[in-house]
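Subject: A structure for you to look at

Hello! Have it open beside you while you read.

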Amino acid sequence: MKRYHPILVILHWALAIMIIGGLIMGGFVLSETPNSDPFKMTALTAHMSMGMLILVLMIVRLMFRLFTKKPQPADIGNAMLNKSADMAHWAFYAVVIAMCASGIAIANAAGLPAIIFGGSGEPLPANFNDIPPRMAHGVIAKILGLLILSHVAAALYHQFVRKDGLLGRMWFGNRKG
Ligand code: HEM
Ligand code: HEM
């Protein structure tokens, strides 16, 4: 098998865009906007909807990952690095799901489902700082960012230094061979 299943390919790139977008918008726009700003409701609506979509698509992707044929693990010539690549890939599923779970926990603790999606008309709390999952969400965001940076560095190293065509495995085309 030369490549991942096309559904895994399409979901990989769609999720990559959504997750990186969520990290950038969450860190630089959402958390920098005070809850008293009228724009905060719009920013929260977008962030929470996108976050829930990421959660659903990540679980769908995990199912396809478990039940489709995939290429042999890439060999980088070092058993420990090979093992860490495998662990990093599984870590992605755990960390992204933890990101979404902690986001949902902040939302529930702050009564956001009713305020944002239920039209309760109640004001937002002054901030989310005292909600414990808010701290977790921030820390997990940093871990996810580091995981993505090392993943991209590894992919580029394979592609341009080892020249083993790794990016092609996460792209469309003939899978046989
Ligand atoms: C938030 C962003 C990303 C996430 C969550 C993510 C997740 C994953 C996961 C879990 C795998 C392992 C295969 C699988 O389980 O299906 C994988 C493989 C791969 N990713 Fe990403 N990825 C992200 C961004 C990127 C980016 C930006 C690049 C481009 C440089 C990239 C390039 C690749 C490649 C080439 C593979 C195939 C590796 C192999 O064949 O062993 N990924 N990605
Ligand atoms: C993979 C999905 C997600 C990513 C990448 C993400 C990313 C982020 C980031 C980077 C921050 C700012 C953290 C900081 O500066 O300390 C943040 C804040 C937040 N996120 Fe998420 N998030 C995701 C999913 C969710 C979900 C599913 C929800 C709720 C349903 C949610 C609700 C929130 C809330 C309420 C805040 C706090 C905003 C504030 O302090 O003003 N997030 N998110």
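The iron atom of ligand 1 has six donor atoms around it, and with angles of 87 to 180 degrees among them the site is octahedral. Please keep in mind that this is a predicted model.

Which residues coordinate this iron atom? They are His 12 and His 151, each through its NE2 atom, at 2.0 Å. His 12 belongs to helix α1 and His 151 to helix α5, so the pair ties together parts of the chain that are 139 residues apart in sequence. Is His 12 buried or exposed? With a relative accessibility of 19%, His 12 counts as buried, because the cut-off for buried is under 20%. His 151, at 29%, is partly exposed.

Now look at what else lies around ligand 1. It is surrounded by 18 residues, and the closest are His 12, Arg 65, Tyr 93, His 151 and Arg 169. Sorted by class, this shell holds twelve nonpolar, three polar and three charged residues.

- Arg 61 has one that lies 2.9 Å from an oxygen atom of ligand 1.
- Tyr 93 has one at 2.7 Å from an oxygen atom of ligand 1.
- His 151 has one at 2.7 Å from a nitrogen atom of ligand 1.

Which elements give two or more residues to this shell? They are α1 (6-30), α2 (39-67), α3 (79-109), α5 (132-162) and α6 (166-169).

On to ligand 2. The iron atom of ligand 2 is coordinated by the NE2 atoms of His 47 and His 137, at 2.0 to 2.1 Å. Its site is octahedral too, with angles of 86 to 179 degrees among six donor atoms. Here His 47 comes from helix α2 and His 137 from helix α5, so this pair ties together parts that are 90 residues apart in sequence. At 26% relative accessibility His 47 counts as partly exposed, while His 137, at 13%, counts as buried.

How many residues are around ligand 2? There are 25, and those that come nearest are Ser 31, Lys 40, His 47, Arg 134 and His 137. You can find these polar side-chain atoms in the viewer:

- In Ser 31, an N or O atom of the side chain is 3.2 Å from an oxygen atom of ligand 2.
- In Lys 40, a polar side-chain atom lies 2.4 Å from an oxygen atom of ligand 2.
- In His 47, a polar side-chain atom lies 2.8 Å from a nitrogen atom of ligand 2.

The elements that give two or more residues to the shell around ligand 2 are α1, α2, α3 and α5. Of these, α2 provides the largest share, with seven residues. By class, the shell is made up of 14 nonpolar, nine polar and two charged residues.

Finally, step back to the chain as a whole. It has six helices and zero strands. The C-alpha trace spans about 60 × 25 × 20 Å along its principal axes. The chain has 177 residues, and 31% of them are buried. Among the contacts with a separation of 6 or more, 82% are between residues 24 or more positions apart.

Happy exploring!

Definitions and conventions: Residues numbered from 1 in each chain as written. Chains lettered and ligands numbered in written order. Predicted model: local features only at pLDDT ≥ 70, side-chain atom pairs only at ≥ 80, totals over all residues. Heavy atoms only, no water. Near = heavy atom within 4 Å. Polar contact = N/O pair within 3.5 Å; in protein donor to acceptor, adjacent residues only side chain to side chain. Helix = DSSP H or I, 4+ residues; strand = E, 2+ residues; numbered from the N terminus. Nonpolar A, V, L, I, M, F, W, Y, C, P; charged D, E, K, R; others polar. Donors = N, O, S within 2.8 Å, 3.2 Å for Na, K, Ca; no water. Tetrahedral: all angles 85-135°; square planar, octahedral: opposite > 155°, others 65-115°. Buried < 20%, exposed > 50% of the residue type's maximum accessible area, 1.4 Å probe, protein only. Contact = heavy atoms within 4.5 Å.
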